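Please consider the structure shown below.

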Amino acid sequence: MLGQIVRITLLNLRNLPSRLGSSSVIVVGIGGVVGVMVAILAMATGFAATFESAGAPDRAIVLRGGSDSELSSGIGQDALGIVASMEGVLLASRELYTVADVPKRSSGTDANLIVRGVTGAGFEMRDEVRIVAGRTFTPGKGELIAGRGASVEFAGIDLGSTVKLRQTEWTIVGIFEAGGSAYESELWVDFPVAQSAFRWGGGASSLRLLVDSPERVAELGERVDADPRLDLAVFGEKEFFNRQKGDLADTIEMFGYLVAAIMAVGAAFAALNTMYAAVVSRTVEIATLRALGFGALPVVVSVMAEALALAVFGGALGAAVAYFGFNGFTVSTLSDASFSQIAFDFAVTTELMATGLVWALLLGAVGGLFPAVRAALLPITLALRGE
Amino acid sequence: MSPVGFVWANLHRRPVRTYLTLCSVLIAFSLFVLLRTLAVVFVGGNDLASGSRLVVSGKYSIIDSLPISQQRAIAQVDGVDAVTHQTWFGGNYQDPRNFFPKYPVEPRAHFDMYPESVIAPEVLEAFARTRTGAVAPAELAAKFGWEAGDKIPIEADIWPMRDGNRRWEFDLVGTYTFKDEDGAQPVFLFNHDYFAEATGIRGIVGWYMVRIAEPQRAGEIAKAIDALFEHSMNPTKTATEDEYSRAFAQQVGDLGLMANSILSAVFFTILLLTAVVMHRAFRERVPELAVLKTLGFSDGRVALLVLGESLLLCLFGGLLGICSAFVLTPVVALFLEFLRLDFELHWPTVGSGLGIALALGLVVGVPPAVAARRLTIAEALRRN
Amino acid sequence: MESIIDLTDVHKSFVKGSEVVEVLKGIDLAIGKGEFVALMGPSGSGKTTLLNLVGGIDRATAGDVVVAGEDIGGLSSGDLAKWRAANIGFVFQFYNLLPVLNAERNVELPLLLTKLSAKERRRNAATALQVVGLADRARHKPGELSGGQQQRVAIARAIVADAPILVCDEPTGDLDRETADEILDLLDILSRDHGKTIVMVTHDPKAASHAKRVARLDKGRLTQEAA
């Protein structure tokens with residue numbers, strides 16, 4: 001029996017190229033489903049990774065009480081001093097956080113770009129930040145460094161050019177990376193320069209702390225809460241960014257599965273169509289085999305094998321297109337939490353591609369099963385007459 | 001039997017094939033409608049955004065406040081009918097997930113600015129007179145079970161009260177509705193006077209809404225307003241409400257592009273599938289087509305019959321797909337509810353769907369139709 | 001007798017690969033109105049080619065083909081189609097009915113080219129089916145009919161538009177003797193009672209005997225005409 005199955009299946013697969021035209025439907029159809037699904041899921045994965053990779057467990061963010069974003073936060077000089085000198089704080093960076101309208105490259109329309117004023121301590125505690133082109137800004141000067149994502153997404157954010165943020169001109173002297181995190185969507189400038197350029201007065205938006213251990217973060221929070229002089233909130237940096245991620249990644253993921261599911265139904269019809277046609281074109285061959293004494297099962301298996309082979313081919317094609325077309329592709333969107341543009345890269349992971357192939361196989365199985373059964377049930381005499 | 005009936009009968013030669021193809025086309029078009037709708041929702045912005053209203057905001061960013069002194073100056077610009085202001089309050093009701101916008105406004109001027117918002121005169125009167133008063137859209141009130149007389153607590157993030165207290169309490173005096181619920185933005189409104197007094201920050205607003213009498217002069221009036229403040233501490237940027245919401249939607253990202261890329265993939269597949277099916281159907285029928293020609297059907301008429309099959313298949317599939325999108329839309333809208341967007345079908349989408357169905361039918365049908373036209377009877381019959 | 005089909009020095013050649021094959025080598029043939037003529041001859045003698053020329057589904061390489069008062073060599077393909085619809089009814093060896101349509105609709109098909117209303121079309125189709133004795137099979141599809149029945153439907157289709165000429169290519173070639181005779185009787189009736197001119201290609205001497213005249217073809221020439 002097994003021998004029969006193998007022989008018929010091989011015979012059939014060898015003839016596959018002669019049915020290339022109609023077979024391409026199943027390949028392209030399933031390829032389309034897998035490609036679109038993997039691409040959308042890669043977007044969700046990339047978006048989530050941007051926030052998940054941001055932050056370190058031994059870093060904390062201090063905001064004004066009640067604020068859950070740096071944009072709506074503001075802290076006075078005195079409070080900054082009190083927190084910075086608390087026990088367990090190794091480094092404290094006062095930071096200024098604002099947004100400016102800069103046109104996006106893709107649409108040409110203005111979008112909110114984050115501008116962050118940082119101090120030397122800010123660089124020191126963020127060891128993931130690396131200048132990849134140019135140099136860092138000179139303290140006291142109207143210079144800035146741009147995150148890689150900001151540079152890709154916004155018009156005029158190029159090394160060496162100048163950009164007008166609010167009323168002041170800035171020279172872009174460097175491009176930095178920060179491990180693919182959300183920081184890469186920002187422009188960084190010298191804190192005191194930002195303070196005067198953006199008319200900020202004495203305080204800061206927020207305070208970044210490097211502490212001596214991850215456990216210290218919660219303990220600091222309690223201490224701040226207990227201090228009557230302070231109306232502040234302390235968050236672990238990781239937790240903070242995770243919250244910023246919000247629902248968007250889940251939404252995109254759900255959207256991806258929804259679109260893929262609808263497309264999959266369409267592709268299943270296409271696959272069925274192709275496989276029915278394949279069975280019709282092989283009617284005489286199948287009937288002859290049956291007349292010669294081959295069983296029904298080998299026929300079923302051979303049709304299923306054809307469907308699955310085509311499906312795997314289509315799935316691989318789709319995954320490849322998604323990988324080569326989208327992996328690392330940078331886009332940006334408005335983040336709810338920070339009210340500004342977050343740039344992120346599509347991440348076509350092997351996991352996603354495997355998911356795509358599983359879908360392809362399922363579709364192939366659906367597309368092959370009914371025609372296979374029909375092929376097996378063909379009345380031999382009728383089939384031999386080619387009807 | 002009519003010619004269309006004949007074409008229909010031909011499509012039933014292999015019913016399984018026809019119906020499977022029909023289903024694929026159907027799916028493609030329902031996806032088309034859903035994705036286009038989504039793109040329209042994002043890119044098209046607010047339907048109710050009007051060309052006769054302008055938004056005046058801070059030049060450098062929407063987050064910048066503007067001094068209230070500008071209101072009088074704007075009102076005096078030639079062509080300006082009315083001016084009122086709004087401010088982004090932020091804040092959370094119970095949980096950050098219960099998001100809805102909250103603006104401190106000038107009650108009477110606000111409802112004068114938005115004739116599409118309907119409020120009972122006595123409610124508006126109570127709203128204007130109650131210092132801590134607030135009104136909510138009826139839908140929002142129903143969602144949270146609020147009734148007139150309830151105290152609504154809001155935890156502030158941007159605007160703590162002067163004494164540092166972050167818990168605001170508003171007295172709901174009633175609700176308002178929209179003439180047309182579609183695309184209406186449900187905003188929780190309260191008195192700007194109370195806002196200024198409680199925060200101790202007087203003379204600051206978020207942005208201005210300006211009504212103009214002649215929408216065609218919008219560009220000119222916007223320039224005139226911006227010119228007023230160009231060299232002040234608070235330069236402005238003025239745009240029609242329409243442009244404004246479009247620009248904001250652009251910030252979300254190019255969803256239109258994404259929807260179009262997906263649709264290209266889908267339609268390419270459908271095109272291929274239908275083309276293969278129609279080609280197969282044609283090849284099977286060569287002798288029959290020749291018979292039609294012997295009966296006196298002209299070359300053109302035979303070509304039309306063949307073309308008609310593709311057209312009928314694609315248009316019918318497209319129509320079914322669009323109809324099923326009507327059914328699917330509320331379901332998808334449910335999925336996307338948290339996007340707080342109004343997800344509904346637009347007639348232009350339906351129209352372009354049918355247009356594409358027609359184009360698909362032509363692209364798929366023309367090659368076999370041309371082949372059918374060229375078919376010479378004597379040769380085709382010999383193949384029999 | 002007034003002739004309805006007039007062929008004068010008709011030649012027909014095909015290009016086969018690099019070779020030109022002359023199938024008809026100067027045919028002169030006149031067929032009178034209402035005549036029933038059988039064309040006989042061995043395979044490859046050019047019978048079917050000649051029939052196709054008469055039926056206006058192929059064109060002569062040289063010579064005049066005048067049928068029903070029209071020199072059809074000069075007609076455009078569109079005019080030729082119209083001319084066929086009005087003047088010629090075809091009957092084929094393998095019936096060539098459309099499998100997706102039932103008998104009545106197959107018969108109705110040529111009427112789609114006329115200005116008749118849907119109701120009139122239906123009535124004419126029903127009448128034609130009655131003439132061939134198949135009124136009770138109107139709703140059956142070709143696959144549900146026997147060969148003889150299918151050929152009757154084909155004949156009904158050929159006469160429904162009132163074409164004066166029937167062109168039959170081996171109409172009994174696929175049928176058993178008894179059924180063949182029935183079909184031939186039907187053709188007799190059409191010739192005798194309805195005044196149809198019938199040109200029939202056949203291999204079967206018994207079929208040819210129904211004709212009033214037999215024309216024999218060999219190697220592209222008419223060899224003999226017998227009354």
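In this predicted model, Gln94(B) belongs to the loop that connects strand 3 (80–86) and strand 4 (102–105) of chain B. Its phi is near 65°, a positive value in a residue that is not glycine. Gln94(B) is exposed, since 11 other C-beta atoms lie within 10 Å and the limit for an exposed residue is 12 or fewer.

Lys219(C) is located in the loop between strand 9 (213–218) and strand 10 (221–226) of chain C. With 14 C-beta neighbours inside 10 Å, Lys219(C) is classed as partly exposed.

Chain B, to which Gln94(B) belongs, is divided into domain 1 (3–45 + 253–382) and domain 2 (53–252). The C-alpha centres of these two domains of chain B are 48 Å apart.

Chain B touches both of the other chains discussed here. Its contact with chain A involves 46 residues from chain A and 39 residues from chain B. On the side of chain A, two or more residues each come from helix 2 (20–52), strand 2 (89–103), strand 3 (110–118), helix 9 (248–281) and strand 11 (330–335). Helix 9 of chain A gives the largest share, 14 residues. By class, this side of chain A comprises 20 nonpolar, 20 polar and 6 charged residues.

In the contact between chains C and B, 23 residues of chain C meet 20 residues of chain B. Helix 1 (47–55), helix 2 (77–87) and helix 3 (103–108) of chain C each contribute at least two residues to the side of chain C, and the largest share, 6 residues, is that of helix 2 of chain C. This side of chain C has 13 nonpolar, 5 polar and 5 charged residues.

Within chain A, helix 8 (residues 237–245) has a set of buried residues: Glu237(A), Lys238(A), Phe240(A), Phe241(A), Gln244(A) and Lys245(A). These residues lie on the same side of helix 8 of chain A, because they cover an arc of only 160° around the axis. An α-helix has 3.6 residues a turn, so residues three or four places apart point the same way. The buried residues of helix 8 of chain A pack against helix 2, strand 1 (59–64), strand 10 (232–236), helix 9 and strand 11 of chain A. After helix 8 of chain A comes Gly246(A), with a positive phi near 60°.

How values were computed: Residues numbered from 1 in each chain as written. Chains lettered and ligands numbered in written order. Predicted model: local features only at pLDDT ≥ 70, side-chain atom pairs only at ≥ 80, totals over all residues. Domains from an automatic or database assignment. Contact = placed C-beta atoms within 7 Å. Helix = DSSP H or I, 4+ residues; strand = E, 2+ residues; numbered from the N terminus. Nonpolar A, V, L, I, M, F, W, Y, C, P; charged D, E, K, R; others polar. Buried ≥ 20, exposed ≤ 12 C-beta atoms within 10 Å, placed from the backbone. Arc of directions from axis to C-beta.
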